[in-house]
Amino acid sequence: MLIFEQTLVMLLLLIAGVISAKAGVMDGETTRRFTSFNLLIPQSCMILGSILGADLDLSVGRVFGVLGTGFLMYAILVAVGMLVPLLYRCKPTDRGIYSFMTIFGNVGFMGIPVAKALFGDAAGLYAALLNIPFNLLAYTFGIALLSSKGNKEHINWRLLLNVPLIVSALCIVLLCFHVKLGGPLGRAVDMLGDMILPSSMVIIGASLGQQKLKDVFGDWHVYAFAPMRLVVVPIILWAVMHLFVKDSVFLGTMVLQGAMPVAAFATMLSIEYGGNVQMASKTVFVTTVLSVVTIPLVVGLLPL
């Protein structure tokens, strides 16, 4: 029920974006500028709030143990993500977006609240900590994937030094000193971070609204890719990580992160850095809808 409600909220926000595009309120330039703001302020505040606002009861050693395991988890996802374009025989210009969508799921907007609801408060903390390797990788390797256009010569390496990456690295340092956000600053950061979900879904909706309806629902490539992101990826994660992780809550959290739909900011980063915006928007939409069925299926069938 939680997954259904979370998905319904996201779809309603997405519809608001579609209406805005159809009404002419948000065109391509408006969407691009709104995306730049979203990545600069709300995204950075969400990273700060989810990590430094959490009720951390873990030792520094345990924190870095979780982070290390998280980097291992994403190393597996990267390996899978690099094979997927070959499996689907993608054209060179689409290889980056397919790899990106395979590696990066919606672990922030859906992953944290769903993990906490299914596995308890500890899972919510683990999910928040796993956002650090997620963001460090997404804002370096992820941007390189989207901006490469299938050719390493087209990668603009200057794009990799960005505010969300710096904030993620800063969070690791502040964690060592048990720094927490509170008071007016903490509330302001939380409020700005809370903007990321509605604003990102409006951006995705606006991107969909600029496409023809038959192009959104009639692209078989999206439906062919969805089982890979929603079912195959979490199964692969479980098959490898259960050999190393004996904490069932931590293992369940990682598998759940792998079962999330395509990350909502795949669309925003594609707009910002030149990825395939149409494919990203359609796949975020379709995988989000299908995740209502696939997440309970994966969590229920795998021995966690």
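These legends describe close-up views of a predicted model. Local features need pLDDT of at least 70, side-chain atom pairs count only at pLDDT 80 or more, and totals for chains, interfaces and linings use all residues. Residues are numbered from 1 along each chain as its sequence is written, and side-chain values use heavy atoms, with hydrogens and water left out.

**View 1. Thr 253 sits in helix H13.** Helix H13 covers residues 248–258. Helices are DSSP runs (H or I, at least four residues), numbered from the N terminus. Thr 253 counts as buried because its relative accessibility is 0%. Buried means under 20% relative accessible area, exposed means over 50%, and partly exposed lies in between (1.4 Å probe, protein chains only). Which residues does Thr 253 touch, not counting residues up to four places away in sequence? They are Ala 115, Phe 119, Ala 123, Tyr 126, Ala 127 and Leu 130. Contact here means heavy atoms within 4.5 Å. Thr 253 and Ala 122 are 131 residues apart along the chain, and their C-alpha atoms are separated by 9.3 Å. A polar atom of the Thr 253 side chain lies 2.7 Å from the backbone oxygen of Val 249.

**View 2. Thr 69 is found in helix H4.** This helix spans residues 60–87. Thr 69 has 19% relative accessibility, so Thr 69 counts as buried. Leaving out residues up to four places away in sequence, Thr 69 touches Met 241, Val 245, Phe 250 and Met 254.

**View 3. Tyr 98 and Phe 225 form an aromatic pair.** Rings of Phe, Tyr and Trp (its six-membered ring) pair if their centres lie within 6.5 Å; planes under 30 degrees apart count as stacked, over 60 as edge-to-face and the rest as tilted. By this rule the structure has 7 aromatic pairs. The ring centres of Tyr 98 and Phe 225 are 5.6 Å apart and the planes meet at 90 degrees, so this pair is edge-to-face. Tyr 98 lies in helix H5 (residues 95–103) and Phe 225 in helix H12 (residues 220–241), so the pair ties together parts that are 127 residues apart in sequence. Are Tyr 98 and Phe 225 buried or exposed? Both are buried.

**View 4. Tyr 126 and Phe 250 form a tilted aromatic pair.** The distance is 4.9 Å centre to centre, with 40 degrees between the planes. Tyr 126 lies in helix H7 (residues 121–148) and Phe 250 in helix H13, so the pair ties together parts that are 124 residues apart in sequence. Tyr 126 is buried because its relative accessibility is 8%. Phe 250 is buried too, with a relative accessible area of 2%.

**View 5. Ring pairs link four residues into a cluster.** The members are Tyr 74, Phe 100, Phe 104 and Phe 134.

View 6. A disulfide is a covalent bond between the sulfur atoms of two cysteines. Here it is a pair of cysteine sulfur atoms within 2.5 Å. How many disulfides does the structure hold? The count is 0. Cys 171 counts as buried, because its relative accessibility is 0%. Cys 90 has 11% relative accessibility, so Cys 90 also counts as buried.

**View 7. Helix H15 bends at Ser 291.** The bend is about 55 degrees. A bend is the angle between axes fitted to the seven residues ending at a residue and the seven starting there.

Technical notes: Helix = DSSP H or I, 4+ residues; strand = E, 2+ residues; numbered from the N terminus. Polar contact = N/O pair within 3.5 Å; in protein donor to acceptor, adjacent residues only side chain to side chain.
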